[in-house]
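I opened this structure for the first time today. These are my notes, in the order I looked things up.

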Amino acid sequence: MSEPLTKLFMKVASVRSAAAAGRTFLESYPVDEIIQKAKHGKDALYPFSDLDEYGRALLGADISVKQATRFSTLDELVLLPPIFTPKRLERMTELAREPFFSDVDLETAIGGFRSRLPLAMASMGSTDVAHSQSPHLGRGAAEAGIPMGMGENIATVWGYARRTKASMPTFKQRLFAYLDHVKEPLGGVVIQQSVEDAFDELWHKVYTDPDVEPFFRKGLVAFEVKLGQGAKPGLGGETKVSRDAARSLKGKYYFPDDPDTVELDLYERHSAPGTYTEEILRGQLRSLRTNFPRARIWIKAGPFRDLLAMFRVASQERIDAVLVDGKEGGTGMSPVIALKDLGLPTLACLKRINDARLEGLRAPFVLSGRLFDGGHVVKALALGANAVAFGRPFIVAVGVGGAKGIRNYLEATEVEIRMLISSLGKYKVADVSHEDVGSLDRALADALNIPFVYA
Amino acid sequence: MSDPGLAPLQDHLRTSYRHVRDPRMQKVLRVQAALGSAIREYLDGEGFTELLPPIIGPVADPGIRGAKQATINFYGREYKVTSSAILYKQMMAASLGRIYFFSPNVRLEPLETASTGRHLVEFVQVDIEEAGATYEDAMRRAEDLVEHATHGVRARAGGELEAIGRRLNGGGTPYKRISYEEALRILADHGREIPYATEIPWAEEEFLSTRFQAPFFIYDYPRGSRGFYDREHPDRPGILRDFDLLYPEGYGEAISGAEREYEYARVIARLRETGENPSKYEWYLDMLREGIPPSSGFGIGVERLTRYVCGLKTVWEARPYPKVAGVFSP
């Protein structure tokens, strides 16, 4: 195990103070692959180990998967490059030379922002693992020219502008870790507000903050209505906090153990999932437009069975972006039973997005949930997503090399995306479509209405 | 201050302690006082009871268009400074029938409002509520009140108005009434399309206001564009029984009013439109569960009325010691 991997292992293990949990994460998540990218950038794209070198190694497609899953993932799809490539001819005509993968135009509109890649940094919340690293995460995302999400409860738990714990950044420090490095006109920040943050009027606070005002004026700030998350659809945010924090938050969250009377190291802190009907959602979206006309409006939804009904509301209300987080989405803390049994897998969410496209809904869609490489990005684009969001890969990458780890990781992912799109004979993100993807599984092929590659 | 555009205003308002001795300002303040007594004369004559306004409480009106509520530390708990007295009005009307406050409000408005000429962070509104009234009744009340105040002020401070050089167009009641949808159509006809079901933006409101020579109503706003307490038409879902009164000549919004939701189950669903946990409004919900009668009412900003009557360029010329978003002044 390389040295950063050991460090990461310790970090992961310490989060739940159980080495087994860390081991499971290392075994089931492509941590080594992400670490290599975070260390070496695009040099990590080739499958040489420290023992192989170019000119000596013999390599081919790995036909095994790291861990068999209970449900289908995007890894059961493959991209289908063609021989005949009219779009490449178009590009060649523009360039007056044969195009390379470097000629793919990746700049993408995501939810009212411009992004250098069809990729955003997913919202991460108040849990230590993301929050302690947030200065590097924010800077990394800003410098890479991609939008970044800020999850729930950050201000309520860590303070808006005054620290609740000396060693932890405030909401505003986290926000400006991004905004201070933003490369206009690229990027943008997406801010969530939990029911508990709403108690303190977080969005109003941000909207009336003179320091943030210039960024609203430039259209670089979105507010995101959160309808659950991938790892625990239908449940509220859950985390553990210290006794001091628990005492100060007691009135706003649900604590199974009363921090005033029960003595523990850490207290489970639950937030409410929030109650919605179509009418409540519609009303909330409209109020957002009225109250914060300069903010973009995003929706983040967990993997719910009625996604399509929500997409219709979002489309009618002209929401800037709808992000859907599949059940494999990352989490700082979710009940095991929720991880096992709640919600639609990411690929099933992508199917809903695909259905929405067929129905002619015009909301821009962003997909997230255990997506970590360029292949995932291009497959999602092929099936109707406008962009994807990554979460955990950035946590791993930041653990390896801070903001630079993020830049390296994105450099590698960017080249992957370029290569894959160009291999399809296409040079624009918007040209990637249905025809570019096939399934290794017949049932899946039927469900997604794409070719079964062995047929 | 981060916004360099505010610098001239900042310079101007830094000496606002001195402005109150300016001869023109003295006249404006006398007109304002005359307006106050004309309003009181009208309302008292109509059987309204004036009440002392609440200044702080555990919750305040959340429907204040992006403005943030001011807070104070109330013995370890956070209390809100009144953003409007709306939550208190319904019970007072249930008790006394017809009531009003001269209610000081504080709203930490977004910085963008510093340049509208129509927004103050601290202002006074006459907040009126009438048990058993419909929103049509409330509109009639609103136009009577504005007519009485604008006529009354001529009797009381005609000299000042003449010196200021302001002559109001007659007009007379009833004021013109256009629906929200018609307002959107007028705007669209002038190339100013706005998304359905949002409140009319400041610039468009001002534009609409320039199209009229006398005050006019916009009624039937769609759900989502206004506070949770504006009552939804029982037989026209999505449409609210509410209204704004706008001054003409570009002076913009004068009054916001509505029939109130008063049934607990309807209010709790509407409250979620704010994204908050209804438990925050505990006392208000308890009150509704215990049952209160229907009512309607509205609020009219005293500084905006003064601005209109005196024909002032901006609303911060219409009160002593004005507070404007993002501007530090006495």
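Predicted model: local features only at pLDDT ≥ 70, side-chain atom pairs only at ≥ 80, totals over all residues.

The entries below go from the whole chains down to single residues.

**Entry 1: the model and its confidence**

I looked up the scores for the complex. The predictor gives an ipTM of 0.88 and a pTM of 0.89. For chain B I also have the mean pLDDT, which is 93. In that chain, 98% of the residues reach 70 or more.

**Entry 2: chain A as a whole**

I began with the secondary structure. Chain A has 19 helices and 14 strands. I then took its extent along the principal axes. The C-alpha atoms fill a box of roughly 70 × 50 × 40 Å.

Does the radius of gyration of chain A agree with that of a compact globule, or disagree? I checked: a compact globule of 455 residues would have a value near 23 Å, and chain A has 22 Å, so the two agree.

I looked at burial next. Of the 455 residues of chain A, 54% count as buried. Then I turned to contacts between residues at least 6 apart in sequence. In chain A, 74% of these join residues at least 24 apart.

**Entry 3: chain B as a whole**

I repeated the steps for chain B. I found 10 helices and 11 strands there. Its radius of gyration is 19 Å, close to the 20 Å that the globule rule gives for 330 residues, so chain B is as compact as a globular protein of that length. Its C-alpha trace spans about 55 × 50 × 45 Å along the principal axes.

In chain B, 49% of the 330 residues count as buried. Of its contacts with a separation of 6 or more, 72% are between residues 24 or more positions apart.

**Entry 4: where the chains meet**

**Entry 5: the nonpolar cores**

I went to the largest nonpolar core, which has 124 residues. Which of its members touch the most others? They are Val322(A), Val366(A), Leu367(A), Ala385(A) and Val388(A). Helix H18 of chain A, residues 392-423, gives the most to this core, with 14 residues.

I went back to Ala385(A) and left aside its neighbours within four places in sequence. It is in contact with Leu350(A), Ile353(A), Phe365(A), Val366(A), Leu367(A) and Ala380(A).

**Entry 6: one helix of chain A**

I picked helix H14, residues 307-316. Its buried residues are Leu307(A), Met310(A), Phe311(A) and Ala314(A). Why do I put them on the same side of H14(A)? Because they cover an arc of only 105 degrees around the axis.

What do these buried residues pack against? I listed strand E7 (221-227), strand E10 (296-301), strand E11 (321-325) and helix H16 (346-359), in chain A. H14(A) is followed by Arg318(A), which has a positive phi near 50 degrees.

**Entry 7: positive phi in loops**

I stopped at Arg370(A). It is not a glycine, but its phi is positive, near 60 degrees. Arg370(A) lies in the loop between strand E12 (365-368) and helix H17 (374-382) of chain A. Is Arg370(A) buried or exposed? It has 26 C-beta neighbours inside 10 Å, so I marked it as buried.

Asp220(B) was my next stop. It too is a residue other than glycine, with a positive phi of about 60 degrees. Its loop runs between strand E8 (216-219) and strand E9 (242-247) of chain B. Asp220(B) has 20 C-beta neighbours inside 10 Å and therefore counts as buried.

**Entry 8: cis peptide bonds**

I ended with omega. The bond from Glu184(A) to Pro185(A) is cis, with omega near 5 degrees. Pro185(A) sits in the loop between helix H8 (171-179) and strand E6 (189-192) of chain A.

Where is Pro174(B)? I placed it in the loop between helix H5 (135-164) and strand E7 (176-179) of chain B.

Conventions
Residues numbered from 1 in each chain as written. Chains lettered and ligands numbered in written order. Core = buried A, V, L, I, M, F, W, Y, C linked by C-beta atoms within 7 Å. Buried ≥ 20, exposed ≤ 12 C-beta atoms within 10 Å, placed from the backbone. Helix = DSSP H or I, 4+ residues; strand = E, 2+ residues; numbered from the N terminus. Contact = placed C-beta atoms within 7 Å. Arc of directions from axis to C-beta. Rg over C-alpha atoms; globule rule 2.2 N^0.38 Å. pLDDT = per-residue confidence, 0-100.
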